[in-house]
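Subject: Predicted two-chain model, handover and notes

Dear colleague,

Here is the structure for your files. My notes on it follow below.

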2 protein chains.
Amino acid sequence: MLTTHDIAIFLLEIGLLLGLARFLGEIARRYGQPMVVGEIFAGIVLGPTVFGTVAPEFQRTLFPSSDAVIITMDGLTTVAVVLLLLVAGIEINLPSVWRQRKTAFLVSALGMVLPFSIGYAVAWQFSGFFGIEPGGDKVVFALFIGTALSISALPVIAKTLMDMNLLKSDMGMLVMASAALNDIIGWIIFSIIISLLSGVNGHGRHPAVTIVYVAVFVGFMLSVVRWLFNRVLPWLERRTVWPAGVLGFVFACTMFASSVTEWLGVHAVFGAFLVGIAAGDGHYLSERAKDAIEQFTTNIFAPLFFATIGLRIDFAAHFDGMLVLAVFVLASIGKIIGCSIGAYWSDYSPRESFAIGFGMNARGAMEIILGLLALEFGLIGERLFVALVIMAIGTTMISGPAMAWFIREKKPLRLASLLKTTGYLANLTGETREEVIGELAQAAEVETGIEAEHIFKEVWEREKVFGTALGGGIAVPHARMIEITSPIVIVGRTVIGVDFDAIDGVPVNLVFLLLTPKRDQGAQLQILADIARIFSCIDIRPLAFAADNYRTFLDAIRRAPFAMRT
Amino acid sequence: MLTTHDIAIFLLEIGLLLGLARFLGEIARRYGQPMVVGEIFAGIVLGPTVFGTVAPEFQRTLFPSSDAVIITMDGLTTVAVVLLLLVAGIEINLPSVWRQRKTAFLVSALGMVLPFSIGYAVAWQFSGFFGIEPGGDKVVFALFIGTALSISALPVIAKTLMDMNLLKSDMGMLVMASAALNDIIGWIIFSIIISLLSGVNGHGRHPAVTIVYVAVFVGFMLSVVRWLFNRVLPWLERRTVWPAGVLGFVFACTMFASSVTEWLGVHAVFGAFLVGIAAGDGHYLSERAKDAIEQFTTNIFAPLFFATIGLRIDFAAHFDGMLVLAVFVLASIGKIIGCSIGAYWSDYSPRESFAIGFGMNARGAMEIILGLLALEFGLIGERLFVALVIMAIGTTMISGPAMAWFIREKKPLRLASLLKTTGYLANLTGETREEVIGELAQAAEVETGIEAEHIFKEVWEREKVFGTALGGGIAVPHARMIEITSPIVIVGRTVIGVDFDAIDGVPVNLVFLLLTPKRDQGAQLQILADIARIFSCIDIRPLAFAADNYRTFLDAIRRAPFAMRT
């Protein structure tokens, strides 16, 4: 049992780690940086790197003090990392990946093969420079470096796209699907690497046997369990206390699957990742339920987990400038060139292709978790781990600004310039998403001469891939069409509010039907971003919702400030 | 460090406990019982009582297996119970208690003194029967029994009132305020008892010194820290990522305060409870933020914590029928009679007084936590602990049905029968809570002849004590007035939606101003319950919101089924 002293120290540790991680995370965000940067820095401050150098005695009293506290913190961070991978899995939308399989496969395959090959070749050639452990297997080591350089980080990429108001654009969807494929393949390769380290995990089972077990388990999770989730989750959402029912079920399943993969020798996180993919699939788990699961994890467990990393390692002592530079350059060049070529081959313009490449280059939390596990398995040393962490943070930090630079426009399209009296419907009568889009398609037929049924079909196809509700009562169903020559926007207002499966669960009162030419990517991105800009201003919403004629509506949206939301 | 085997077992344990606790909790709810009943039962099933009897070998492999897993689970449940007390503290609204100080003090004082005296006297006289530990201090033991019998359980009482649609009534508010006072005093006495056990906590500090330290800490938390929270929290809500900012800050503060009280020797939970009171105070922490904090705790940590209780103790082996009966009868008689007398002296009718007495009698989770801590401190034995758990569950289970029985009506008042065309305002123009209530008060002046300003003042006083938004876009500001002879309802509709600080954050579209005679408690309870009944039916809301005249509105609310929400 824990003694009183243990408990007092344990709680104090959590308080310090969480408090400082959240504080520095918030500061990072203030400067437009991902919060994980601040969270990791909190651990560096409280760990041996800073606090341990300034006041070594005092630091040792607090972190880690006794064996019991170390074990307890270890248990807590295990739960944290398991939940982080669950959330990463939930972000993966298999049907959406499947619907974009051609382009997504091209981008992610090139974006993995290139950095993987570079990483494998260089690590094989210079395994000493990369710090292979004495007696380590060179093939396994090179495989790991290849994987570490080629992995992506879906959650942080999604966050970047969201901040830039690009998540709902076609380009955003392609990046999301490619990153998802990337993550899945990366984690499968990593689990194989771990199973190859059979000496370390101590099962004495032949790696081939473990790989067969894992393959069977993956197949089972993504077929039977996924099928079951798709039936059980909607039932739970309707019939049990919200959100306790869904949360309890998903969390319990996560623990079971994690326990199985840990027992199989491929680490608990892999099982959690599979549950996430199976549960987060398609529309079965509502956006609202996903949000509740993610809240639990990202607000408390993630800061705590990332802060504890700094406690384990002295970042100053293990900093090797050459190694950091090598890892950073190899990872970025391979990933950016690979993905950009893939995007270019999928009919994106050169500038858009580079934007996609830089978007995919963000490594974020996934790289850090991968590195930490490799460190724990004795696969890599502290020096390489520090280099991987810095590479993960660096690639994440340049990702957003680089994307913004590549897709910037001199004279951006504005929503207000595209609106017309005839394209404003003050009182939609539809009560469902389909009916509302149908009404707007009718109005679009009058404007464009294209059959309403055809417009509806295209928009509805797109809507099914990934819902277009922006939250706060706004939705922007859209499509790129060959028949359209210049962008068309039809606005519809509904007083009752229609369910668009929005992440905030708020019924939609304003629907913008956005039709853009097939080849003109820029227009869609800009109009979507402009709509998001206008309605990110909370004061505008009630005014625009209350407007019952075109004139008042136009006045309302013109009141939005032009500065972008940050 | 935890081994692979430890981690696999640890995750499996969490999965089993959480899964079964949620499942049985859900079943308990289906039969109208508090979920904690099912959650505790999950532990009894998985622990020595059932699983350990059926398959002892297998049970020992899973629970608890190794020392490392025991320590880790201990750490996790410590965090869980700390968060549970944080939530219990947040439910306490000090200003609301202060505004009702006279009646609340009367009810809670009588409701504590009576069971406490009975408990103390009987435990002193029959300490052997109650199972005092050999060499235990009789005074401390009797003090504990007195406290255990007189403690209340605010969260479960709040839940019961909410289920009966009584939370927003005056009677509900009195019960809440009394239970809050009860909880505060009970936990302070308990912390003093723990500090008296200085031999156990091993500080060797004189109990009086500990009590002084604790008193200073309580004073500091409820003055300086409370003042700070009231300034910092609204700032955090506006300026940081929601809900991460508020959650991280409150959780980190909780950990610090818990660490301090643990170090002082009065257990970590006491610090968490104080942070809850300081943070949850008044309107500074929005209902939405409270909800986010509570979600974290009640959906995952609470089921896990209550399930682990059954793992520690064999409920069958330590079941003592006589002791269970004695504890149950003494606790209930003392509490019900004490509270009922207090309520009767505060001008409630005999039947309403008994309803209040039974409401206050629910012990729920608080009793179980108190008992568990006493068991861990070696103050009580397993037999008494089992009796306390059964008493807690029993009193909670009879609380709701007994209240319903005492306040039942043969021919309940219905909202529809009180509405008039002249009391329906289709288009309120106010944009704030004050303005809207002002408009309704104007209309009420026309109906009643009482000055609008006076009505507004009474209603606003009430609104400030505890907001009257029911969630889902409905609010029912109300007052009991001497000048009124029969109930009056004025309905106002606002298209834009007004912020009433609702727990779900949804702006209010329909406002019911409810004025009832001062002495007629029943009418207010019934009309409030009827409004809650009608709008608990989700289909009614959009119809009633869209109605722009009296006729359509009446048709809409008449479509609600008459069965009560369960």
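Between the two chains, 53 residues of chain A are in contact with 52 residues of chain B; two residues are in contact if their C-beta atoms, placed from the backbone, lie within 7 Å. This is a predicted model, in which local features need pLDDT of at least 70, side-chain atom pairs count only at pLDDT 80 or more, and totals for chains, interfaces and linings use all residues. Residues are numbered from 1 along each chain as its sequence is written, while chains are lettered from A and ligands numbered from 1 in the order in which they are written.

The side of chain A that touches chain B draws at least two residues from each of helix H1 (4–30), helix H5 (67–90), helix H14 (244–264), helix H16 (287–312), strand E5 (488–498) and helix H24 (540–546). Helices (H or I, at least four residues) and strands (E, at least two) are DSSP runs, numbered from the N terminus. By residue type, that side of chain A divides into 32 nonpolar, 16 polar and five charged residues. Here Ala, Val, Leu, Ile, Met, Phe, Trp, Tyr, Cys and Pro count as nonpolar, Asp, Glu, Lys and Arg as charged, and the others, Gly among them, as polar.

Symmetry

Chain A is superposed on chain B by a rotation of 180 degrees with 0.1 Å of shift along its axis, at an RMSD of 0.1 Å. The two copies are therefore related as by a two-fold rotation axis. In chain A, A:Thr72 has the C-alpha nearest the axis, 2.3 Å from it. Both copies use the same surface, as 98% of the contact residues of chain A recur in chain B. The superposition is by least squares on the C-alpha atoms of residues with pLDDT of at least 70 in both copies.

Domains of chain A

The domain assignment of chain A gives domain 1 (67–407) and domain 2 (416–558); such bounds come from an automatic or database domain assignment. The C-alpha centres of domain 1 and domain 2 of chain A lie 35 Å apart. Across this boundary in chain A, 19 residues of domain 1 are in contact with 17 residues of domain 2. Helix H6 (94–99), H11 and H16 of chain A each supply at least two residues of the domain 1 side. That side of domain 1 of chain A divides into five nonpolar, seven polar and seven charged residues.

Core and helices

The largest nonpolar core has 422 residues, and those with the most contacts inside it are A:Leu84, A:Leu513, B:Leu84 and B:Leu513. A nonpolar core is a set of buried Ala, Val, Leu, Ile, Met, Phe, Trp, Tyr and Cys residues joined through C-beta atoms within 7 Å. A residue is buried if 20 or more other C-beta atoms lie within 10 Å of its own, exposed if 12 or fewer, and partly exposed in between. Leaving aside neighbours within four places in sequence, A:Leu84 is in contact with A:Thr297, A:Phe301, A:Ala302, A:Phe305, A:Ala365 and A:Ile369.

Helix H11 (residues 170–196) of chain A has 27 residues and reaches 39 Å from its first C-alpha to its last, close to the 39 Å expected at 1.5 Å a residue. The expected span is 1.5 Å times one less than the number of residues. Of the 27 residues of H11(A), 23 are buried, so H11(A) is largely enclosed by the rest of the structure.

In helix H21 of chain B (residues 433–448), the buried residues include B:Val436, B:Ile437 and B:Leu440. Their cover includes strand E1 (424–425), helix H22 (452–465), strand E5 (488–498) and strand E6 (508–517) of chain B. Just after H21(B), B:Gly449 takes a positive phi of about 80 degrees.

Single residues

A:His267 sits in the loop between H14 and helix H15 (268–279) of chain A. Phi of A:His267 is near 70 degrees, a positive value in a residue other than glycine. A:His267 counts as buried, with 28 C-beta neighbours inside 10 Å.

A:Gly342 lies in helix H17 (residues 321–345) of chain A and is likewise buried, with 28 C-beta neighbours inside 10 Å. A:Gly342 and A:Gly111 are 231 residues apart in sequence and 7.5 Å apart in space, C-alpha to C-alpha.

Regards
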